[in-house]
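Dear colleague,

Please find the structure below, together with its sequence. My findings follow directly after it.

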Amino acid sequence: MDCATSRSLAVRLLLVGTLTPLAAAADDITVSLDSVTNLAATLSADGKTIVFDAQGVLWKVPSSGGKAQQLSDLTLGAARPDYSPGGDLIAVQSYREGTFDIWTLKPDGSELTQWTEGPWDEREPTISPDGQHIAFVSDRSGSYDVWSLALASGELTQWTDSPGQEAYPTWSPDGAEIAYVVDGKRIDAVSATAESRVLIDAIDGTAYSPSWRAATGTGDGDTDAASNISWVRLRPGQTDLMLGAEVALSGHDVFPFRAQWQADGTALITADGGLQRWTPGSDALMPVPFSAELSFPRQDTAPRGRDFDSRAPRPVKGIVTPALAPDGTRIAFAALNDLWLMPLGEEPHRLTDDTYYESDPAWSRDGSRLAYISDSAGSLDVWVLDLESGLKTRLTTDDGAELYPAWSPDGATLAYQTELGETRLVDVASGQTRPLVEALFQPGRASWSADGRYLALAAVSPYTSRFREGTSQILMVEVATGDQRFIPVAEHKSITIRADAGPIWSPDGRHLAFVMDGYLHTLAVDPDGSPTGEPVAVTEALADSPTWSGDSRKLAYLNNGTLEILDLAAGTSTPVPLTLNWRPEAPRTAIVHAGRLWDGASPTVRENMDLIVANGRLVRIEPHDETNHAGNVIDAADGTVIPGLIEAHTHQSWGNHTFGFGARQGRLLLSMGITTTRSVGELAYRAVADREALASGERVGPRYFTAGGPLDGARIYYNAMRPVADERQLDLELARASALDLDVLKTYVRLKPAFMERVARYGNRHGLPTYSHFLAPGIYLGQDGTTHLGATERLDYSRISSLTGKTYDDVIDLFSAGEKSVISTFFITEPSLFDASAITEDNRVQTLLPVNERRKLADARDNPPNADGSTYLAGILDNPATFAAILRGGGRVLAGTDSPLDYVGIGLHSNLRWLASQGGLSPFDTLRTTTSLAAQELGVGDDLGTLEVGKLADMVIVDGRPDESVNDLIDVQSVIKGGRLYRIDDLLAPFAR
């Protein structure tokens, strides 16, 4: 595109005056920042003033150092500041409005002005040498390109138009060109007449933030010399400051921001946690000392805990994938680990009754058969139930997982998906399968057109390849050819979740139904799925799991745990009575004889002890007395008894279904000593169903605490994320969390700060701990912690760890002073698990880990990463020491894995070994992260986490001394939950084929 082509833009001014930070209130948290992770800085042209971003807040300090003045509030989230040459303006990128936009402010913090707006992301601003334009990158043209805006008019000009992803623009000293990075591997320059040239090619590593040296009159700053471009290069475990193709500065943790060149040839950079002056030719840095007093409100959630003792009946709320029969008189669904069929107006009855995993019922068009998935044959397969005869037929037999069956209109074919995201077809008569759609990332369930020629399913359509987020759209597939096309549900909108929210085709082929903005919509379509109108909202309440009646006149759906049927012509919804209750599993009474007892309350180990359990709780702990041994005696005389382990970060329902674990997951977790899990993001109804199945004993597994789908912004990635359009939807989402009795709230990376704060306030009031990936702004907005130390970000870098994985005092102090929690996700198996008694050969793994997970684990054993070749591994090696420092400082460190992204069960042991071996934590402090500290975080410290009188009898019998070496913890002999004994062989038995 000719960069002279321009488009205009309305400019919005937010005149807020000069910011005068309020004095800290008595209950505020104040942290002094003098060592900051990934701070970005800009230097005034006269060299007298530095403005920098520390944890999303702008600060100003003299270039000689000193006490910093706060320029922006806690919600601007300013990043990558850039001073104008005239010293009268600072440009930043900000996420305040829910996308990245370009903003400016005066050097005193006044005249805060938003220059771009809309659904696009605009990043990495830099002001031209004449002070008249701001260059930045934007994805508004379909990929990240270089743009500029005129400060006088707000007019936009596009400078590049290529398929590559451009980033980090920087003006040449004369303003004639803009240099930028392409795909992280090349640095190009483009002129105002759209002439481009390559400056640096074939970069070994990843390139960040080029900057031209200022003209000095000595040849330095010559725009024709690539050697006068500085930039930051990332390679495993190191960041270097480069000049041209040569390393100019190494041996420092250089942050990924533009060097601020001065006329004397020196530069201000940020590295090693601070502001640094650097002279080319030297490996030494001269620190610019500063201190910034950051204050924010103390807001803590008191988790509401859980009633473990009542056995009163409770209504089932975990209703999974309800399917309305074609005749509209019956509805099939999954709940309490089985399939159910309910004639409307009558009580439901079970179609299956076992401890295996069943889900995803789907009616044949004639109403005679139900397809569903079950792992009763060992792996998740598609089965067909003939309702008249009761005959169950296994239709697929692959050793992986098959999910989401959907009947063709003629009943001859079923579409289904694999755990890898492929969409396949199976011939019902022969069982022969064929591929239709290649593996996609977490696609939704397919739905057939009335003539059987097309399949519609939900799939993610990324905005660009630079960042993975996009929108969930309708993917239309022609069955005969496999040809595909995306159909947007609405501009910059998503189907709310891809798994259970449509699109579903009406049996007459005239409409698609799906959930968007949380509400049920219909879309009129042609026979090939092409829209003939706009989506129409047909509910004002939140809807999930829509299903059509056979006459296409009604839609059943879930609303806050209740089934409802919508009459489309009348526009009215009627609740469907569901008389289905569950009771918590009955606890047990027992006596446990422990050869060694570590109770979790102190490092002390007691020997030869009896633990007396009545109705699932410890009533006495006393020295062993053989005369008291009567009734249910559990002999652990040769082992060490410790509290049951708590896994603080799972996505358990996702693992059951999408990863194909089914009923094996709960058994695997128990076999690894894990008696309680907490999920921080799930498909809500599947999660509630799993919690009810586990609590009732209908499925074997740990106690389960769960969130629903993480609340997100307009751009999403995972199938469970719920994009939030406005405050009304957000309030309904929060009410839904309460109606489903969820335990946790999580916001994801694209939710705007104002909504993050609204969620945190709700959680504070209702006893629901709230988490995100962000220390900042999460800690300012009332959230209770982060679910990782480093993970997915909306920025191109993290404020918690540098590109090399180093964390500085700001992060440790914020977690510690705020008493916030962080979870120790590592994602790489600690090497000692592959030693002589390799975990890959463990019978628990061979029996209960799905085949594709076993293959990945074996590959991790055979091809271990090394820090010289793996940027990721090099970047986490400092994490254990950071966790140890946070724990020592008063923060809360919890052991968690993000499974099934890490290996279920195995990952927790790996994480504990990382904390002990690399973090230097004692066995006692290491084990606290998965026992007492985790229980306190859940609000159940009076019930779980230690073995003390009055607490629940959840314990692990270990062959070894985990109190002396956490490596022994993997040798689990048996597990006790609520006084109920689970031997390893018994846990494996249903799948030991």
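Helix α9 provides 4 residues to the lining of the largest pocket, which is the largest share. In this predicted model, that pocket holds about 1,000 Å³ of space. It is lined by 36 residues, of which Tyr208, Ala791, Asp796, Tyr797 and Leu803 are the closest to its centre. Besides α9 (871–876), the strands β17 (166–171) and β21 (206–212) each supply at least two lining residues. By class, the lining of the largest pocket comprises 15 nonpolar, 15 polar and 6 charged residues. Strand β17 also contains Tyr168, a residue with a positive phi of about 55° although it is not a glycine.

The second largest pocket has a volume of about 750 Å³. Among its 33 lining residues, Arg306, Arg314, Trp582, Pro584 and Ala695 are the closest to the centre. Helix α3 (684–696) and the strands β30 (314–315) and β62 (703–705) each supply at least two residues of this lining, and α3 gives the largest share, with 5 residues. The lining of the second largest pocket divides into 13 nonpolar, 5 polar and 15 charged residues.

Rolling a probe the size of a water molecule over the atoms shows where empty space is left. The structure has 11 cavities of 30 Å³ or more, and the largest cavity has a volume of about 190 Å³. Of the 20 residues lining the largest cavity, those closest to its centre are Gly77, Ala776, Pro777, Arg794 and Arg799. This lining consists of 12 nonpolar, 5 polar and 3 charged residues.

Two of the residues closest to the centre of that cavity, Ala776 and Pro777, are joined by a cis peptide bond with an omega of about 10°. Pro777 is located in the loop between β66 (770–772) and β67 (785–786). A cis peptide bond also links Ser899 to Pro900, where omega is near 15°. Pro900 belongs to the loop between β69 (892–894) and α11 (906–919).

One of the pairings joins Met516 to Tyr519 of β49.

Two packed helices are described by the angle between their axes and the distance between the axes. For helix α6 (residues 809–818) and helix α10 (residues 879–889), the axes come within 8 Å and cross at roughly 35°. The crossing of α6 and α10 is right-handed. On the α6 side, the contact is made by Ile812, Phe815 and Ser816, while α10 contributes Thr882, Ala885, Ile886 and Gly889. Of the residues in the contact of α6 with α10, 4 are nonpolar, 3 are polar and none is charged.

Yours sincerely

Key. Residues numbered from 1 in each chain as written. Predicted model: local features only at pLDDT ≥ 70, side-chain atom pairs only at ≥ 80, totals over all residues. Heavy atoms only, no water. 1 Å grid on protein atoms, 1.4 Å probe; cavity = no way out; pocket = protein on both sides within 12 Å on 5 of 7 lines; lining within 4 Å. Points joined across faces, edges and corners; volume = space filled by probe spheres on them. Nonpolar A, V, L, I, M, F, W, Y, C, P; charged D, E, K, R; others polar. Axes fitted to C-alpha atoms, helices over the stretch in contact; angles between N-to-C directions. Left-handed = near helix turned anticlockwise from the far one by under 90°. Contact = heavy atoms within 4.5 Å. Pairing = 2+ DSSP bridges.
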